[in-house]
Amino acid sequence: MFHFSNIVRTKGDPKIVAGGPSLKQPADQLARALGWFSIGLGVVELFAPRRVTHTLGMEGRETLVRAFGVREILAGIMSLSVDKNAGLWARVGGDGLDAAALMSGLTSDNPKKGNIALALLMVGGIAVLDYRAAQDTKPRRPPRDARRKLYPNRSGFPKGIESVRTAARQIAGHVGRNEVKQGDERRVP
């Protein structure tokens with residue numbers, strides 16, 4: 001991946017010759033992979049619904065497949081965002097909808113029941129991954145009985161705001177004396 005960043009570097013910038021270890025946790029990597037998978041599947045469902053319904057023997061349900069495609073794309077985008085947990089839970093819910101829609105195609109007159117059974121197995125496997133990723137990326141909150149640290153009397157300055165003002169006055173006075181010593185007539189207040 002670092003080779004792509006070398007393309008956009010300006011002349012004189014150092015080139016990246018090797019990448020280091022990823023800072024992403026395995027749960028984040030799984031969430032990212034599932035997000036991209038969801039987008040890819042959604043694009044297929046959105047732009048080739050007839051092919052999907054024909055493969056499953058469920059002709060006439062192209063609108064439903066397109067709607068599922070939009071849902072997959074949105075869940076995938078959410079899975080790639082900062083709030084990946086919401087996207088992963090949307091994927092888990094979507095897996096339930098997918099399974100229900102596929103179960104409706106398991107009729108005695110459908111000659112492609114084997115394809116539907118295979119699709120159900122795949123949806124089940126992906127659902128397990130989605131659930132695992134959603135559990136692993138849920139926000140970590142402190143326990144209810146944990147003591148919360150409150151800092152109402154802190155200003156962000158270790159020695160207080162007055163010491164900062166004093167230091168600023170000293171620096172301003174020092175700069176002013178330097179300018180006068182150099183023969184410059186300007187004064188710094």
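Helices α3 and α4 cross in a right-handed way, where right-handed means that the near helix is turned clockwise from the far one by less than a right angle. This is a predicted model, so local features need pLDDT of at least 70, side-chain atom pairs count only at pLDDT 80 or more, and totals for chains, interfaces and linings use all residues. Residues are numbered from 1 along each chain as its sequence is written, and side-chain values use heavy atoms, with hydrogens and water left out.

**The α3/α4 crossing**

- The axes of α3 (residues 49-56) and α4 (residues 62-80) come within 9 Å and cross at roughly 115 degrees; axes here are lines fitted to C-alpha atoms over the stretch in contact, with angles from 0 to 180 degrees between N-to-C directions.
- On the α3 side the contact (heavy atoms within 4.5 Å) uses Pro49, Arg50, Val52 and Thr53, and on the α4 side Glu62, Val65 and Arg66.
- Sorted by type, those contact residues are three nonpolar, one polar and three charged, with Pro counted as nonpolar, Asp, Glu, Lys and Arg as charged, and Gly among the polar ones.

**Overall make-up**

- The chain has seven helices and zero strands, both taken as DSSP runs (H or I, at least four residues, for helices; E, at least two, for strands) and numbered from the N terminus.
- Of the 189 residues in the chain, 24% are buried, meaning under 20% relative accessible area, with exposed over 50% and partly exposed in between (1.4 Å probe, protein chains only).
- Take the contacts between residues at least 6 apart in sequence: 59% of them join residues at least 24 apart.
- Accessible surface comes to about 14100 Å², and carbon and sulfur atoms own 62% of that (Shrake-Rupley method, 1.4 Å probe).

**Nonpolar cores**

- Leu56, Met58, Leu102, Ile116, Ala119, Leu120 and Val123 form the largest nonpolar core, that is, a set of buried Ala, Val, Leu, Ile, Met, Phe, Trp, Tyr and Cys residues joined through side-chain atoms within 4.5 Å.
- Helix α6 (residues 113-136) supplies the largest share of this core, four residues.
- Apart from this core lies another, of five residues, including Leu34, Leu88, Ala133 and Ala134.
- Leaving out residues up to four places away in sequence, Ile116 touches Leu56, Met58, Leu102, Gly105, Leu106 and Asn110.

**Gly94**

- Gly94 sits in helix α5 (residues 84-103) and counts as buried because its relative accessibility is 3%.
- Its C-alpha atom is 8.9 Å from that of Ala127, 33 residues apart along the chain.
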